[in-house]
Amino acid sequence: MGALFEKLEIGALQARNRFVRAATYEGLATDDGHMTPELRAVYEGLAGGEVGTIIVGYAYVTRDEQPNPRMLGIYDDSFVPAYRAFVDDLHARGARVVSQIVYGGSATRLDPPSTRILGPSSVANPKTGIVPMEATSADLQALARAFADAAERAQAAGFDGVELHAAHGYVLSQFLSPLFNKRTDGYGGSLEHRARFLAEVVDAVRDRVGKAFPLIVKLNSSDGVEGGLTESESAEVAKLLEAHGVSAIDVSGNWRSCRVKDYAGEPFFASYAQRLARELDIPVILTGGNRSFAAMDRLATESGIAGFGLCRPLICEPHLVRRWSADPNAAPRCVSCNGCSSSPGHRCIVP
């Protein structure tokens, strides 16, 4: 059946295949971030469709900063029982389950936005126009604790791992980016200093959940714009994260540009993921533009990339992996139109 149906191993996480449902925002949680039957059904469909690993996303880590309406939360212990029942259900359907956790910052789409939004610097976000408060040292310590608290809750709920969202312009990626990070203290300037806060969050999480619990970081291959984080810098950050005990890197990038007009059959960030697979000893997951079974299978076989994250194809067809297991030549219905990103519940709009 090919390399894609071999097991994916990320430390203690042992999945039935190398397909990963990349985390996305559905907008189907309650107003305060709790699970709903409608949202559970989305993930039950994916597990029933034989997806190996489901990254559930994204969950905000502080009560006072909600990046988007009706997104999942994990900011206090009240979430643990419902998440435990949810994870148990997906386990019974054969899937491994990872909780993605995030602090959005000025990338928020909440209207009106949260009253207190932190960032590395008071720089207006070019997409939202929001100017965050520059985080103090005390703010950063509190935020690192919030991530650690959230990871501990995910572990208590039975998730198979946790993913820190350090891509797509949210706060952890903003600290890495010279476009957002204008600090002159130990958290700004050189790449080492810009990566310091992310490393501290990783350390705080590791201290809380132990060394064995799978910890993934979703990382931009680059910011994709002039003056932003470059691929070479991102690779250095990935090596730093490996040294701090991260279990795997989930490669992503500037997802808003990932439309079918740019698609030539290869995943969007494949060359960067191949580089990381050569230079790191931890598994690399490639997310973005995974449409061709043959291309993914070749990359899995020849490049050492461990997992392949799909989002929009699985929004369109939750049972796509099961269909591929019967016919690897089957073409996915998804055309990468991005219509799901603006539809209610982030549903597919392809007829």
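Tutor: H1 and H2 cross in a right-handed sense. This is a predicted model, so take everything here as computed from predicted coordinates. Helix H1 covers residues 37–48 and helix H2 covers residues 80–92, and they pack at an angle of about 25° with their axes 9 Å apart. Angles under 35 degrees count as roughly parallel, so H1 is roughly parallel to H2. On the H1 side, the contact is made by Arg40, Tyr43, Glu44 and Ala47, while H2 brings Ala85, Phe86, Asp89 and Leu90. Sorted by class, that contact between H1 and H2 has five nonpolar residues, three charged ones and no polar ones. If you're wondering about the spacing along a helix, an α-helix has 3.6 residues a turn, so residues three or four places apart point the same way.

Now slide along to helix H3 (residues 137–156) and helix H6 (residues 196–209), whose axes come within 8 Å and cross at roughly 40°. That angle makes H3 oblique to H6. The crossing of H3 and H6 is right-handed. From H3 you get Leu140, Leu143, Ala144, Arg145, Phe147, Ala148, Asp149, Ala151, Glu152 and Gln155, and they meet Phe197, Val201, Ala204, Val205, Arg208 and Val209 in H6. Split by class, the contact of H3 with H6 comes out at 11 nonpolar, four charged and one polar.

The next pair is H7 and H8, which pack at about 35° with their axes 11 Å apart. H7 passes H8 in a right-handed crossing. Glu231, Ser232, Ser234, Ala235, Ala238 and Lys239 are the H7 residues in this contact, and Tyr272, Arg275, Leu276 and Glu279 are their partners in H8. By class, H7 against H8 has four nonpolar, four charged and two polar residues.

While you're on H7 (residues 231–243), have a look at Glu242, which lies in that helix. Its relative accessibility is 21%, so Glu242 counts as partly exposed; the cut-off for buried is under 20%. Setting aside neighbours within four places in sequence, Glu242 touches Leu280, Asp281 and Ile282. Glu242 is also 9.9 Å from Ala199, C-alpha to C-alpha, although 43 residues separate the two in sequence.

From there, go on to helix H9 (residues 293–302), where the buried residues are Phe293, Ala295, Met296, Asp297, Leu299 and Ala300. What sits over those buried residues includes helix H8 (270–279) and helix H11 (320–326), along with strands E3 (19–21), E12 (284–287) and E13 (307–310). Just after H9, Gly304 takes a positive phi of about 85°.

One last stop, for the cysteines. Cys311 is buried, with a relative accessible area of 17%, and Cys316 is buried too, at 12%. As for disulfides, a pair of cysteine sulfur atoms has to be within 2.5 Å to count as one, and by that rule the count here is zero.

Methods. Residues numbered from 1 in each chain as written. Predicted model: local features only at pLDDT ≥ 70, side-chain atom pairs only at ≥ 80, totals over all residues. Heavy atoms only, no water. Buried < 20%, exposed > 50% of the residue type's maximum accessible area, 1.4 Å probe, protein only. Axes fitted to C-alpha atoms, helices over the stretch in contact; angles between N-to-C directions. Helix = DSSP H or I, 4+ residues; strand = E, 2+ residues; numbered from the N terminus. Parallel < 35°, antiparallel > 145°, perpendicular 65-115°, else oblique. Left-handed = near helix turned anticlockwise from the far one by under 90°. Contact = heavy atoms within 4.5 Å. Nonpolar A, V, L, I, M, F, W, Y, C, P; charged D, E, K, R; others polar.
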